[in-house]
Amino acid sequence: MRKRRFLLVAGACLASLSLAVGTALADPPANTFRNLAGTGSDTTQGVMNALGNGVSGGFPGIQIGGANQIASYDAIGASPIVTKDPNVNPNCSLSPRPINSGQGINLLVSERTANHHCLQFAR
């Protein structure tokens, strides 16, 4: 009986929290380039999207001087993803889109090896 009551209370708390937090945005708007760009695992993309874009309820995302700093690209979506201004760095049109952590890490390593610096983190 105690275990059942605990599970009911815990479930109600989680449901209330999910309603209060709201939803995070997906990819940054097109032609919006930020200092830190990353992609990869869908497991943590919601957290990184919230850090980059904010969530409803007043949290604006991580900003410097009023500008968002983190660009977190979802594991699923249109390709290519463009992480830096093509006029500044034409090598940052990334296709195909990494859909898991292994692909995100591999792309990060290959970008760093090629000295393109299109990604700064992988999820």
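Reader: Which residue forms a salt bridge with R97?

Author: This is a predicted model in which local features need pLDDT of at least 70, side-chain atom pairs count only at pLDDT 80 or more, and totals for chains, interfaces and linings use all residues. Residues are numbered from 1 along each chain as its sequence is written, and side-chain values use heavy atoms, with hydrogens and water left out. A salt bridge is a side-chain nitrogen of Lys or Arg within 4 Å of a carboxyl oxygen of Asp or Glu. With closest N and O atoms 2.9 Å apart, the partner of R97 is D27.

Reader: How many residues apart in sequence are the parts that this pair ties together?

Author: Helices (H or I, at least four residues) and strands (E, at least two) are DSSP runs, numbered from the N terminus. R97 lies in the loop between β6 (93–94) and α3 (101–113), and D27 in the loop between α1 (2–21) and β1 (36–39), so the parts tied together are separated in sequence by 70 residues.

Reader: Is R97 buried or exposed?

Author: Buried means under 20% relative accessible area, exposed over 50%, and partly exposed in between (1.4 Å probe, protein chains only). D27, at 25%, is partly exposed. R97 has a relative accessibility of 6%, and therefore counts as buried.
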